[in-house]
Amino acid sequence: MDRVVRLKLVLWVMVGLAAAIATARFAFGLGATTHLSDATPWGLWVGFDVMGGVALAAGGFVVTATVYIFKMEEYHSIVRPAVLTAFLGYVAVVVGLLFDLGLPWNIWHLTIYWNPRSPLFEVGWCVMLYLTVLMLEFFPVPTEGISALASLRRFLLTLRIPLVILGVALSTLHQSSLGSLFLIMPYRLYPLWYSPLLPVLFFISAVALGLMMVILESHVTAYLYRRKPETGLLAPLGAATRWVLAVYVAARFGDLAARGQLHYLASGAWQAKLFWLELALMAILPLALMSATRFRRQAGWQGAAAAIGVAGVVLNRIDVGGLADIGRGGPLYAPKWTEIAVSLGIVAAATLAFLFMIEHFRVWESRPADPEADPRKLPEFDKVGFTWLGTPAVAGRVKYSLGFVFAAGAGFALLGSPLAARQGSVPAPVHRARGDAGYLRSGVSEAASLGQPGELPRGVLYIDGDLTRYGVTFYHQREIERNGREKSCVLCHHMNMPHDQDSGCYACHRDMYQKSDASRHDWHASPHGANLACVECHEPGYARTSAHVKPCADCHKNLVPAGATIEIPNYNAVSYVDAMHEVCNGCHVKVAAREKKPEIARCAECHKGRLNFSDTRHYLYSPHAPAGRLVILPPPKVSEVH
Amino acid sequence: MTAWIDFARGPLFRLSFALMALGLLRIVLLTLAGVREGYQNSSDKIVAWKEVRRQTLGWLFPMARLWRQRPIYSLISFLFHAGMIVTPLFLASHILLWRNALGIGWAALPRRLANWLTLLVIFAGAGLFLGRLLSPAARKISKAQDFLWPLLIAAPFVTGYIASNAILSPRTYQEFLLVHLYAGDLILLMIPFTKLAHCVLAPLSQLVTAVAWKFPAGAGDRVAETLGFGDRPTWLPKARLTAELPEGAAGKGGSER
């Protein structure tokens, strides 16, 4: 496989994974698919997709200004790729923003309902207008061959200078306004990043990043398409970059000194280390490499310097966007894998679009040889079945689509159940069994006596935990007689509530279908319950989990009666239904095997009469079934809410 | 065992279903793209669209066409296919799973009808399997997988029928359910990558035959060259064909057939 084909396959896999997550995100919302919350509403998608994406697109305005305003015509050959990178970068920003907005379909509100005092208002308008400018700037390239659009193309070309000026103005506003956005939250940002100069710093670093991005993009595509790197042409750009970076470093330290925050640099806090790492990547290392003429004129070093710088500026945006604020006041936020996958997927999609554009239109002076359309290349065969995959173009799309489909399938498999994550499941509380309980203390050996017709006889319990009138008649007295009188109690009553004997199943197995907390944590902690401080059960100095906690028996004696054989592995009680099936049917299975009576282990042994087997199923699947099952109801219609 | 059941019902089912849906969409799109390219590259743009449409619709319900030649086979085959598609889609238990997972549901088959349809699929499948096994002609054109498919497809139907009808112990129920789930997931997973893909490709077959089977001139020669038979005309692979062709036909170039 050619390197372009291999890269495209990887990119399609990333897009496929992101597509699966996107489906779930737009169907079930942010809460069900991300770690974002009301306390941390801005996460990776804002820090990387939006702020990083905007910064990465800075190459567009820097290069157009260089060529058309400063009239450095020698750079004309890199204008088109730079504008294309900027255009796709902004499209990626908008797509990332749609993922991050809670109500993405309201994005047009910005154009009608004005709030001119909001920094986000400026950010939104700048994105919208600059994206339009970029589209108009790039429009002549893909339409070159379409004669019907020739007059429109000519018109746009006459507008080139005004468009370039507009683009520079909007970018200046926009790159800096992303910094202004954070001026309104001084107490959220760490002092090493918060500065009144933030807009200016953002703008300077964007100019440097724009130049480095152009260099990096040129080297990467040169590698991919086996072209000669434009090292000689790019070296002066590197020289310019070093001046911008020098100004940036001076501004950054000058600002820290002027604000009297320099001592934070030596504080040893992890933010200080992050600051040094970030500054080394985004400014100091590229500055050093670009200053040495030898390194600047060598393709490898030139590309490496640009790559380091690009990574550093993106890290800077992520730091300001939230990484440096982790743990400052809010709960800890770490991006969920879905957020990372979507971010990578958007970048991958933009890259694929970029490769498509340079392969099909004259983004460069000459189109690269399409690795999938080389007529001299032999057709490919599937290595397993020796099926003919077709010409390289066909083989390419067979492979890419297969990668996409498998990645999307894996994404859906890994997603979990987003609907359950969003809505939870309907609780189904359990009620105690009905029937004659008074006889229990009066003497276990007393034989069961039959009551009047229509009445429950003595010693018989009617087990109907969810009160649906579909229950099981349990011959309690008869089971006692059969299983060894007094010894039989612990077979079912394997654990008691404090100060109780023979607690009913419902005391711990409190939900029909879900696990319940048998230790009743919240009751113990509540002032209206046991009113205990955390450390009275949880060992101080450890995370407050079940790993370091006092056993119940330290306070409550005789919870587990002597002879009980059912082991309790943790503080969770299984669901009532599972407990019933395990205890009742577990015994029935043993007896069925011992006495060679298989019928007593069948479902119908208990579920009979009104609760016969098929009846239950019919009842449960009917649309009128109560919300007792672990059924997740569809979201209520708007008309039902109001 | 419940953990294995939950895995087959949760992540594994989501994987299989997504791969089935997207995989089928993929092969349909790839096929249509191939058709389009074949049509664009061929010099002969005349296609009998009306005939293609008529044949496609006709073969969707092949009973009328096969009735005269093989009435029993065509009836069994149709019932097998119809039952196999309708029963799992409209079974109340399956719809409940969809309702739990996505909050969507649709009308269910009555339980009794679903039972009969399941039995119908099982016995029709057995009939097709026996037909293939007992008829020498069918046996000759069958590969090993052709005998395995009916058995694999029958597995979830048989286990599903037992699990939902036979009043056995809950443990036995779970065992049958386990086989039911894994067999079902396996079938879903294999649909787009095996001959089961005929569920979406069969309706396209007439179109493909009519349109995409128009090689561009010289295509056959290029394939032969790739395979290392460049010195031979592609359309004369076997000696017995030469007897039927007129003398000198080899000189005209291979792709015209």
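Helix axes here are lines fitted to C-alpha atoms over the stretch in contact, and angles between them run from 0 to 180 degrees between N-to-C directions. By that convention, helix α4 (residues 59–69) of chain A and helix α9 (residues 160–180) of chain A pack at about 140 degrees, with axes 9 Å apart. The structure is a predicted model. Chain A has 25 helices and seven strands, while chain B has 14 helices and zero strands.

**Confidence in chain A**

- The average pLDDT of chain A is 81. In this chain, 83% of the residues score at least 70.
- Helix α15 (residues 337–360) of chain A has the highest confidence, at a mean of 93.
- Helix α25 (residues 638–641) of chain A has the lowest, at a mean of 45.

**Overall make-up of the two chains**

- Chain A has 642 residues, and 34% of them count as buried.
- Chain B has 257 residues, of which 16% are buried.
- Take the contacts in chain A with a separation of 6 or more: residues 24 or more positions apart account for 73% of them.
- In chain B, 67% of the contacts between residues at least 6 apart in sequence join residues at least 24 apart.
- Along its sequence, chain B reads α-α-α-α-α-α-α-α-α-α-α-α-α-α.

**Helix packing in chain A**

- The angle of about 140 degrees between α4(A) and α9(A) makes α4(A) oblique to α9(A). The cut-off for roughly antiparallel is over 145 degrees.
- The crossing of α4(A) and α9(A) is left-handed.
- From α4(A), the contact uses Gly60(A), Phe61(A), Thr64(A), Ala65(A), Tyr68(A) and Ile69(A). From α9(A), it uses Arg160(A), Ile161(A), Val164(A), Gly167(A), Val168(A) and Ser171(A).
- Helix α3 (residues 44–56) of chain A is short for its length in residues. Its 13 residues put the end C-alpha atoms only 16 Å apart, against the 18 Å that a straight helix would reach at 1.5 Å a residue.
- α3(A) is mostly covered, with 13 of its 13 residues buried.

- Helix α10 (residues 170–190) of chain B has 21 residues. From first C-alpha to last, α10(B) reaches 30 Å, close to the 30 Å expected at 1.5 Å a residue.
- The buried residues in α10(B) are Leu177(B), His180(B), Leu181(B), Ala183(B), Gly184(B), Asp185(B), Ile187(B) and Leu188(B).
- Those buried residues pack against α1 (2–9), α2 (11–41) and α9 (144–165) of chain B.
- α1(B) and α10(B) pack at about 30 degrees, with their axes 9 Å apart. The two helices are therefore roughly parallel, because angles under 35 degrees count as such.
- α1(B) passes α10(B) in a left-handed crossing. Trp4(B), Ile5(B), Ala8(B) and Arg9(B) of α1(B) make the contact with Gln174(B), Leu177(B), Leu178(B), Leu181(B), Tyr182(B) and Asp185(B) of α10(B).
- The 31 residues of α2(B) should span 45 Å at 1.5 Å a residue, and its end C-alpha atoms are 44 Å apart, which agrees.
- Buried residues of α2(B) include Leu12(B), Phe13(B), Leu15(B), Leu19(B) and Met20(B). Arg14(B) and Ser16(B) are also among them.

**Individual residues**

- Arg520(A) has a phi near 50 degrees, a positive value in a residue other than glycine. Arg520(A) sits in the loop between β6 (516–517) and α21 (521–525) of chain A. Arg520(A) is partly exposed, with 16 other C-beta atoms within 10 Å.
- Lys596(A) also is a residue other than glycine with a positive phi, near 55 degrees. Its loop runs between α22 (576–594) and α23 (603–606) of chain A. Lys596(A) counts as exposed because it has 7 C-beta neighbours inside 10 Å.
- Ala138(B) lies in helix α8 (residues 136–140) of chain B. With 14 C-beta neighbours inside 10 Å, Ala138(B) is partly exposed.
- Beyond its neighbours within four places in sequence, Ala138(B) contacts Gly131(B) and Arg132(B).
- Ala138(B) and Ile5(B) are 133 residues apart along the chain, and their C-alpha atoms are separated by 38 Å.

Notes:
Residues numbered from 1 in each chain as written. Chains lettered and ligands numbered in written order. Predicted model: local features only at pLDDT ≥ 70, side-chain atom pairs only at ≥ 80, totals over all residues. pLDDT = per-residue confidence, 0-100. Helix = DSSP H or I, 4+ residues; strand = E, 2+ residues; numbered from the N terminus. Expected span 1.5 Å × (residues − 1). Buried ≥ 20, exposed ≤ 12 C-beta atoms within 10 Å, placed from the backbone. Contact = placed C-beta atoms within 7 Å. Parallel < 35°, antiparallel > 145°, perpendicular 65-115°, else oblique. Left-handed = near helix turned anticlockwise from the far one by under 90°.
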